[in-house]
Amino acid sequence: MDIQVGDILKLKKQHPCGSREWEVLRIGADFRLKCRGCGHQIMIARRQAEKNVKEIIQGDGRDQEIP
């Protein structure tokens with residue numbers, strides 16, 4: 001899965017604030033994600049993040065649907 005810093009991830013489950021969109025701040029073995037609704041930041045394992053991604057909205061505006 002091609003995820004870069006600056007991409008917006010749409011996840012399967014929503015955050016308690018109601019938003020499903022997360023901005024990628026850091027990549028590596030773990031991802032640092034920032035909620036686009038409330039600004040809350042989390043660290044999540046790469047494997048778990050990739051499993052829960054529904055759609056990638058790339059930093060340059062192109063969308064990538066996950067089957």
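## Close-ups of a predicted model

**View 1. The largest pocket and what lines it.** L11, K12, K13, Q14, H15, W22, L33, I42, I44, Q48 and N52 line the largest pocket. Two elements, β4 (41-45) and α1 (46-52), each give two or more residues to that lining. The space inside comes to about 170 Å³.

**View 2. H15 and its neighbours.** Zoom in on H15, one of the residues lining the largest pocket. H15 sits in the loop between β1 (8-11) and β2 (21-26). Is H15 buried or exposed? H15 counts as buried because its relative accessible area is 16%, under the 20% cut-off. Leaving aside residues up to four places away in sequence, H15 touches W22, C35, C38 and H40. W22 turns up in the pocket lining too.

**View 3. β1 against β2.** β1 and β2 run antiparallel, with three bridges between them. Look for K10, which stands opposite E21 in β2.

**View 4. The β2–β3 hairpin.** Next along is β3 (residues 30-35), antiparallel to β2 and joined to β2 by four bridges. How many residues does the hairpin between β2 and β3 pass through? Three residues make the link. Across this pair, V24 stands opposite L33 in β3, and L33 is also among the residues lining the largest pocket.

Definitions and conventions:
Residues numbered from 1 in each chain as written. Predicted model: local features only at pLDDT ≥ 70, side-chain atom pairs only at ≥ 80, totals over all residues. Heavy atoms only, no water. 1 Å grid on protein atoms, 1.4 Å probe; cavity = no way out; pocket = protein on both sides within 12 Å on 5 of 7 lines; lining within 4 Å. Points joined across faces, edges and corners; volume = space filled by probe spheres on them. Buried < 20%, exposed > 50% of the residue type's maximum accessible area, 1.4 Å probe, protein only. Contact = heavy atoms within 4.5 Å. Pairing = 2+ DSSP bridges.
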